[in-house]
Amino acid sequence: MQQMNGVESNIKALERRRRRLRWPFDAVLRFLGLVFTLVAAVVVGADNESKIISVTLIKSLPPIHFYASAKWRYLSAFKYFVVSNCIACAYAAVSLVYSVATKSYKDNPMKWMLLMTFDLIMVGLLFSADGAAAAIGVIGRAGNSHMQWIKVCGFFEGYCHHFTAALVISIAGSVMFLCLVVLSALNLYKK
């Protein structure tokens, strides 16, 4: 406590209490980012669907039957999505351990700057992967009549539903990392 003209001030005590309150939010956001990116990577990584598809080329001929499967490894945007979520998940685990290990030290602006930089990299990585995968997902769901691409989700509905759920979960993970950047920026701004 500070003494000013005989009146005690609780400014230092309030600042210390505010600093202690920052840490749990940081840890919770990192944990949620870890969980969301892990779930998104696992759902897409484990998602595959195979079936026999009938295609009629000419109405007067009988349909052609062939075996087809949908896997994330077949499209580079989905590979990028899975790898990006795995990278973000690993980073979230490491940064959570780092954040927990250094919480007892005095607030260090370099710590927040380092974490904010890597959090910002994860935001860019995840949002770019989400956007690339969503673009391919839209083509898979709606097709493209100009390019003569058919609606793939008409054949592989389960695969498309699982991927859509994983995309929403990954976007939630991206938002967690964005909140971490905002929290770190606020911590640096209050210094």
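Helices are DSSP runs of H or I with at least four residues, numbered from the N terminus. The structure is a predicted model, in which local features need pLDDT of at least 70 and side-chain atom pairs count only at pLDDT 80 or more, while totals for chains, interfaces and linings use all residues. Residues are numbered from 1 along each chain as its sequence is written, and side-chain values use heavy atoms, with hydrogens and water left out.

View 1. A salt bridge is a side-chain nitrogen of Lys or Arg within 4 Å of a carboxyl oxygen of Asp or Glu. Arg 30 and Asp 26 are both buried (buried means under 20% relative accessible area, with a 1.4 Å probe and protein chains only).

**View 2. A salt bridge links Asp 119 with Arg 30.** The N to O distance of this pair is 3.0 Å. Asp 119 lies in helix H3 (residues 109-142) and Arg 30 in helix H1, so the pair ties together parts that are 89 residues apart in sequence. Asp 119 is buried, with a relative accessible area of 0%, and Arg 30 is buried with a value of 1%. Through shared partners, salt bridges join Asp 26, Arg 30 and Asp 119 into one network. The structure holds two salt bridges.

**View 3. Ser 174 is placed in helix H4 (residues 157-189).** Ser 174 counts as buried, at 0% relative accessibility. Neighbours within four places in sequence being left aside, Ser 174 is in contact with Val 123, Leu 126, Phe 127 and Asp 130 (contact means heavy atoms within 4.5 Å).

**View 4. The largest nonpolar core has 17 residues.** A nonpolar core is a set of buried Ala, Val, Leu, Ile, Met, Phe, Trp, Tyr and Cys residues joined through side-chain atoms within 4.5 Å. Leu 29, Ala 88, Tyr 91, Met 122 and Phe 177 have the most contacts inside the largest core. Helices H1, H2 (76-101), H3 and H4 each supply at least two residues of this core, and H3 gives the most, with six residues. Met 122 touches Ile 87, Ala 88, Tyr 91 and Phe 177, residues up to four places away in sequence not being counted. A second, separate core of 11 residues includes Val 44, Val 82, Tyr 159 and Ala 166.

Notes
Buried < 20%, exposed > 50% of the residue type's maximum accessible area, 1.4 Å probe, protein only.
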